[in-house]
Amino acid sequence: MITVTGARKNYGDFAALDDVDIEIPSGSLTALLGPSGSGKSTLLRSIAGLETLDDGIVRIGGDDVTGVTPQKRDIGFVFQHYAAFKHMTVRENVAFGLKIRKRPKTEINRRVDELLGIVGLDGFQQRYPAQLSGGQRQRMALARALAVDPKVLLLDEPFGALDAKVRADLRTWLRRLHDEVHVTTVLVTHDQEEALDVADRIAVMNRGRIEQVGTPQDLYDRPANDFVMSFLGSVS
Ligand code: ADP
Ligand code: MG
């Protein structure tokens with residue numbers, strides 16, 4: 001479980017996070033959904049330890065990690081623009097985190113095989129990132145983030161740069177991966193359809209605040225206010 005309590009983040013006199021409270025259940029796939037500038041990335045980066053809050057507490061699995069460095073938070077992160085080692089093969093990229101942790105070779109091979117299988121990249125292990133499509137690269141990024149078995153997987157608009165068909169395809173892969181691995185996952189997106197399609201729970205953000213948290217069904221049946229209603233209603 002991830003718990004954020006009373007989170008504030010100011011840029012000058014602008015509040016990017018304005019007293020945010022949220023509980024993210026372990027094993028869930030939770031979407032942070034909201035328009036551009038609503039504070040989604042700031043909240044995600046605060047969970048990761050990449051932003052320092054002006055006020056508030058972040059707990060992961062019961063531990064207060066508020067002052068803890070990102071490296072010590074045991075988190076996998078995937079961004080919109082994939083970060084891969086260009087000179088390493090797909091297999092080497094996914095294995096890298098395990099290698100630097102000096103895990104036994106047999107364990108590394110087993111884990112890498114398993115993850116590349118789940119994301120459908122079995123046949124692409126010896127390719128280099130430049131030889132993959134955009135969707136395949138993000139599938140590699142997911143496998144790489146999960147290889148070291150993090151407590152939490154954080155995804156910031158991971159499919160944002162790709163076209164609609166590839167995005168829809170990647171949602172299916174993410175869902176499949178989540179159903180296999182059950183890691184607590186937080187997905188930032190401004191795409192209502194993506195959140196409704198893939199998430200167990202959605203937190204709707206607006207102007208640095210959380211307007212409502214619930215299942216996709218809850219949000220549709222009982223939108224908390226006009227903002228939630230109109231934002232969900234504007235699915236393209
Ligand atoms: P989202 O991810 O929902 O699009 P962000 O969390 O990136 O929103 O940003 C929330 C608000 O905070 C935006 O108005 C953005 O301009 C502002 N902001 C984010 N980072 C900075 C920064 N480093 N300096 C100043 N303003 C920032
Ligand atoms: Mg953002």
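Select strand β3, residues 29-33, together with strand β8, residues 184-189, in this predicted model. The two strands run parallel and are joined by five bridges. For one pair across them, pick A31, which stands opposite L187 in β8.

Now widen the selection to the sheet that holds both strands. Six strands make up this open sheet, in the order β6-β7-β8-β3-β9-β10, with mixed pairing. Its edges are β6 (75-78) and β10 (209-214), each of which pairs on one side only. On average, neighbouring strands of the sheet are turned by 15° against each other, with direction ignored. Strands of a sheet pair through backbone hydrogen bonds, either parallel or antiparallel.

N206 has R209 in β10 as its bridge partner. Two residues lie between the strands of this hairpin, and R207 in the turn has a positive phi of about 50°.

Next, show ligand 1. Which residues surround ligand 1? They are Y11, A16, G34, S36, G37, S38, G39, K40, S41 and T42. By class, this shell has two nonpolar, seven polar and one charged residues. Helix α1, residues 40-48, gives the most to the shell around ligand 1, with three residues.

Stay with α1 and colour the helix by burial. Is α1 mostly covered or mostly open? It is mostly covered, since seven of its nine residues are buried. The buried ones are K40, T42, L43, L44, S46, I47 and A48.

From A48, move to K72. These residues are 24 apart along the chain, and their C-alpha atoms are separated by 9.7 Å. K72 sits in the loop between β5 (63-64) and β6. Is K72 buried or exposed? K72 counts as exposed because it has 9 C-beta neighbours inside 10 Å, and the limit for that class is 12 or fewer.

Select residues 2-11 for β1 and residues 55-60 for β4. They pair in the antiparallel sense over five bridges. At I2, the bridge partner in β4 is I60.

R59 stands opposite D64 in β5. The two strands form a hairpin with two residues between them, and G61 in its turn has a positive phi of about 55°.

**Two loops on either side of α5**

Go to E157, in the loop between β7 (152-156) and α5 (164-181). Its phi is near 45°, a positive value in a residue other than glycine. Why does E157 count as buried? There are 20 other C-beta atoms within 10 Å of E157, and 20 or more is the limit for a buried residue.

Then pick H182, in the loop between α5 and β8. H182 is also a residue other than glycine with a positive phi, here near 55°. Is H182 buried or exposed? H182 counts as exposed because it has 12 C-beta neighbours inside 10 Å.

**Domains and the nonpolar core**

Zoom out and colour the chain by domain. Domain 1 takes in 1-74 + 151-159 + 181-236, and domain 2 is 82-149. The centres of domain 1 and domain 2, taken over C-alpha atoms, are 27 Å apart.

Finish with the largest nonpolar core, which has 61 residues. Domain 1 and domain 2 each supply at least three residues to the core. In soluble globular proteins, nonpolar side chains tend to be buried together.

Terms used. Residues numbered from 1 in each chain as written. Chains lettered and ligands numbered in written order. Predicted model: local features only at pLDDT ≥ 70, side-chain atom pairs only at ≥ 80, totals over all residues. Pairing = 2+ DSSP bridges. Helix = DSSP H or I, 4+ residues; strand = E, 2+ residues; numbered from the N terminus. Axes fitted to C-alpha atoms, helices over the stretch in contact; angles between N-to-C directions. Near = placed C-beta within 6 Å. Nonpolar A, V, L, I, M, F, W, Y, C, P; charged D, E, K, R; others polar. Domains from an automatic or database assignment. Core = buried A, V, L, I, M, F, W, Y, C linked by C-beta atoms within 7 Å.
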